[in-house]
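Work through the exercises below with the sequence and the structure at hand. Try each task before reading its solution.

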Amino acid sequence: MGRKIELGMTWAGLVWVILFFIGMVPLANWIPLPSPSDTAAEVQAMYVDHTNSIRAGLALIFTGTIGYILFSAAIASQCRRIKGAPTALRYAQVGSIGACTLLIIVPIIIWFTAAYRPEVRSAESIQLLNDLGWIMFIVGFVPFVAWVWTVGLAILSDEDADPLFPRWAGYLCMLLGTLQIPPILLVFFQTGPFAWNGLFSWWIPATDFFTFFLVMLVLTLRAIRRTPAAAPEAPQAVPELAGAGAGTGR
Amino acid sequence: MATDAARVRRTPGEAGTWVFIFGDMTVFAVLFATYLYYRAEDPALFASSQQELNQTFGAVNTLLLLLSSLLVVAAVRAVRDHRGVAAPRLIAGAMACGLAFSGLKVVEYGEKISHDQTPATDDFFLYYFVLTGMHWFHLLIGLAVLTALIVITRKPNLTARQVSFVEGGACFWHMVDLLWIVLFPLLYFVR
């Protein structure tokens with residue numbers, strides 16, 4: 001039963017990704033992202049003209065973020081099974097998962113506020129909320145980098161000859177974590193490839209983030225299914241290996 | 001015989017290292033393309049701002065990185081030939097080159113900023129600082145990797161995985177060198 005719950009928690013990550021795309025693309029219509037160089041009046045008009053589709057899209061992502069928490073906990077749980085992985089890496093993961101979750105839901109709450117009564121507020125205050133939401137959402141990479149790097153380091157610390165996660169995935173995590181850092185440049189720019197809607201602040205880090213999600217989804221499902229499933233297939237080995245089998249199952 | 005066959009097929013370091021290296025180089029390639037795209041938008045401005053760069057800094061830094069790569073190659077050879085004592089010294093030499101590169105970078109940035117040439121000046125200086133800054137960030141990671149390699153190569157006997165970590169780390173350092181070799185003409189010379 002425990003294993004089924006862990007598999008379900010891993011799949012919850014995919015649910016989050018799907019809800020994110022439905023919320024962002026057809027509903028909020030925020031892909032490509034609203035430009036940081038839009039005037040205050042343009043930003044207000046976007047919230048006034050699409051108030052309910054923005055609210056609905058954000059509500060989907062907001063609620064779906066429960067799936068994000070479950071998914072990242074499932075990865076942390078598998079990292080516990082890696083032979084030789086230091087406990088500190090798991091602490092860093094668990095801590096950063098909490099911060100990551102806030103950096104997804106707090107910007108959404110700020111956008112909720114912008115979309116709450118956009119027609120009666122001044123254009124400047126809507127623009128302020130919009131800026132705050134986007135800047136927090138995209139520059140908030142700090143716990144994400146810590147999360148992805150510590151997953152990568154845990155994978156690379158595997159001492160088993162047949163590692164739980166493939167070693168290439170560890171190196172991939174190190175790369176994917178690193179590519180989240182360039183958005184720091186967005187604080188300097190309102191246009192071009194380093195602005196919050198630009199190639200290096202949005203498109204590459206976003207692709208990178210969802211690549212991490214999908215790769216870890218597949219590998220975590222595989223890791224959960226691995227050891228415990230092998231035991232029942234070899235009943236003849238049970239009498240002498242019963243103790244060892246119970247040990248690996250836990 | 002077996003070793004000959006292995007030598008033909010072998011990639012240096014772990015296969016996974018190359019996931020990192022090629023991924024990183026792809027992003028740099030996109031960054032270079034972005035620079036060339038913006039350069040094509042305003043060739044006159046880029047050409048005139050480029051004149052302000054001091055090519056001596058760039059050239060000396062290129063030589064330093066080439067020398068450091070050579071030292072790293074020698075260190076990897078020393079590890080493979082089990083000449084344990086030489087490797088950490090050679091890597092320390094490579095690190096000294098990397099530190100000298102960093103020192104020159106500080107002087108070069110300082111000189112630019114004191115002449116009021118900052119990322120806010122124009123698009124050329126924006127890309128100059130972003131490209132060299134990202135490269136420098138990689139070089140600093142490389143210095144951390146080389147420090148780890150010194151710690152490892154000091155041990156009398158290395159496991160197969162440690163040898164492949166040494167090779168992978170060396171490849172990362174060569175990548176830092178290679179990126180500079182593309183960056184240097186792109187920023188300082190391309191007309």
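**Exercise 1: The fold of chain B**

Task: Describe the secondary structure and the extent of chain B in this predicted model.

Solution: Start by counting the elements. Chain B has seven helices and zero strands. Next, write them in sequence order, which gives α-α-α-α-α-α-α. Then take the extent: the C-alpha trace of chain B spans about 60 × 30 × 20 Å along its principal axes. Of the 191 residues in chain B, 32% are buried. Last, consider the contacts in chain B between residues at least 6 apart in sequence; 80% of these join residues at least 24 apart.

**Exercise 2: One lysine**

Task: State where B:Lys155 lies in chain B, and decide whether B:Lys155 is buried or exposed.

Solution: B:Lys155 sits in the loop between α6 (123-153) and α7 (160-188) of chain B. Second, count its neighbours. B:Lys155 is classed as exposed because it has 11 C-beta neighbours inside 10 Å, and the cut-off for exposed is 12 or fewer. Third, look along the chain: B:Gly84 is 71 residues away from B:Lys155 in sequence, while their C-alpha atoms are separated by 7.7 Å.

**Exercise 3: The contact between the chains**

Task: Find how many residues each chain brings to the contact, and which helix of chain B gives the most.

Solution: Begin with the two sides. Chain A brings 13 residues and chain B twelve. On the side of chain B that touches chain A, helix α2 (residues 15-41) gives the most, with nine residues. Finally, sort the residues of this side of chain B by type: six are nonpolar, four polar and two charged.

Note on methods:
Residues are numbered from 1 along each chain as its sequence is written. Chains are lettered from A and ligands numbered from 1 in the order in which they are written. This is a predicted model: local features need pLDDT of at least 70, side-chain atom pairs count only at pLDDT 80 or more; totals for chains, interfaces and linings use all residues. Two residues are in contact if their C-beta atoms, placed from the backbone, lie within 7 Å. Helices (H or I, at least four residues) and strands (E, at least two) are DSSP runs, numbered from the N terminus. Ala, Val, Leu, Ile, Met, Phe, Trp, Tyr, Cys and Pro count as nonpolar, Asp, Glu, Lys and Arg as charged, and the others, Gly among them, as polar. A residue is buried if 20 or more other C-beta atoms lie within 10 Å of its own, exposed if 12 or fewer, and partly exposed in between; C-beta atoms are placed from the backbone.
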